[in-house]
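Let's walk through this one together, strands to begin with, then a loop residue, then the charged pairs. Have the viewer open as you read.

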Amino acid sequence: MAFFSKSLVCLALCVAVSAWTYDERQLSAPSRWGEVRSQDNTLRYSTCSNVGTQSPMNLEQGSIDPSLAALQLSWIESNNYTVTNDGEDVTIEIHDVVSKLTHTTGQYQFKYAQLHTPAAHSFGGGSHDGELVLVHETDDTENDIRFVIVSVQLTASFGHHEHFSTLVDVIPQYTGTKVTASESTPLSLKKFVPTDADALAYVGSLMQPPCTEGAQYFVLRHPISVSHLQLEAIQQKRGAMATARNKRPSQGQGTRVPLRVLKTRSGASLSTINSVEDPSNEDIFAICALCFSGLCLLVTIAALLVSCCTERHDES
């Protein structure tokens, strides 16, 4: 009977910790992800225990590697995507278009984006207020680099980021169970990437279980500005029981040395070698308005010069 009771306790414990959380107070906290067991008592996320190959990590100034600048992004605006909120992470998946990325190791399709607050990666020990990771995956099972991930840093300010508001508004409210919302509001990934897109690159892993390795990261050094209210809204939508920090602690660097990716010689940045995406109507309108304003300014200057010359001629 005692043996039977112990077996039940063991089984209950396995079930209790079969999931994972960002909360360090729990048995399935980030520091113990590699110890989480399934109901058959096997280690479920053993890769998470690896040392020197996991993500995120603290990034120092890296040496320049021009070969990594050949990152080509083809991100298409979407009108059909889902946003999932499971109380731990907010995940965005696109369904109607194929956004892709071309790296020196092959071609990768956009799979999903996730939000972390505060930022998971740090620079010299300090981190930003949030991070948006854009995950791309290859279909080539023999490719050592299975994922290419573009990581955008978010810094809190007093001004709203208009397109980020679109994303925040469509995040469903978590009420205790995983919830997914289907959306049709236009969403463009390229609008989340800063103009100055210099990056630090390294190879690591996914930042949550199963912590799959073979992920090439491009962590953008310059953040985009979002408002304090926007970040607070994300936290509020993750639910009252959500941990304040949905990020994994920094992992050991091991022998990895981050490499700095600069703008290409043509002047195009990592983000804008960019999209082969056609300009939107708003972009075209803005360009036309700018050209018209410039033309009006030239006409005004010409009129002033003519007026000045006429006055001098009359005086003489």
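Two strands pair here if DSSP finds at least two bridges between them, and the elements themselves are DSSP runs numbered from the N terminus, helices being H or I with at least four residues and strands being E with at least two. What you're looking at is a predicted model, where local features need pLDDT of at least 70, side-chain atom pairs count only at pLDDT 80 or more, and totals for chains, interfaces and linings use all residues. Residues are numbered from 1 along each chain as its sequence is written, and side-chain values use heavy atoms, with hydrogens and water left out.

Start at strand β10, residues 147-157. Strand β9 (residues 130-137) runs antiparallel to β10, with 8 bridges joining the two; along that pairing, valine 135 sits opposite isoleucine 149 of β10. Strand β13 (residues 213-220) pairs with β10 in the parallel sense over 5 bridges, and there phenylalanine 147 has alanine 215 of β13 as its bridge partner. Strand β14 (residues 224-227) is also parallel to β10, through 4 bridges, with serine 225 of β14 partnering threonine 155. Buried means under 20% relative accessible area, exposed means over 50%, and partly exposed is in between (1.4 Å probe, protein chains only). In β10, 9 of the 11 residues are buried, so the strand is largely enclosed by the rest of the structure.

Now hop to threonine 21, in the loop between α1 (2-16) and β1 (58-59). Threonine 21 is buried, at 9% relative accessibility. Its side chain makes a polar contact with that of glutamate 88 at 2.8 Å; such a contact is a pair of N or O atoms within 3.5 Å, where within protein one must be able to donate a hydrogen and the other to accept it, and residues adjacent in sequence count only if both atoms are side-chain atoms.

On to the charges. Side chains of opposite charge can pair when their charged atoms come close. With a salt bridge taken as a side-chain nitrogen of Lys or Arg within 4 Å of a carboxyl oxygen of Asp or Glu, the count comes to 3. Aspartate 23 meets arginine 25 at 2.9 Å, N to O; aspartate 23 is buried at 11%, while arginine 25 is exposed at 72%. Glutamate 137 bridges to arginine 146 at 3.0 Å, with glutamate 137 buried at 17% and arginine 146 partly exposed at 38%. Finally, aspartate 198 and arginine 260 pair at 3.8 Å. Aspartate 198 lies in the loop between β11 (179-183) and β12 (199-205) and arginine 260 in strand β15 (residues 259-261), so this pair ties together parts 62 residues apart in sequence. Both aspartate 198 and arginine 260 are buried.
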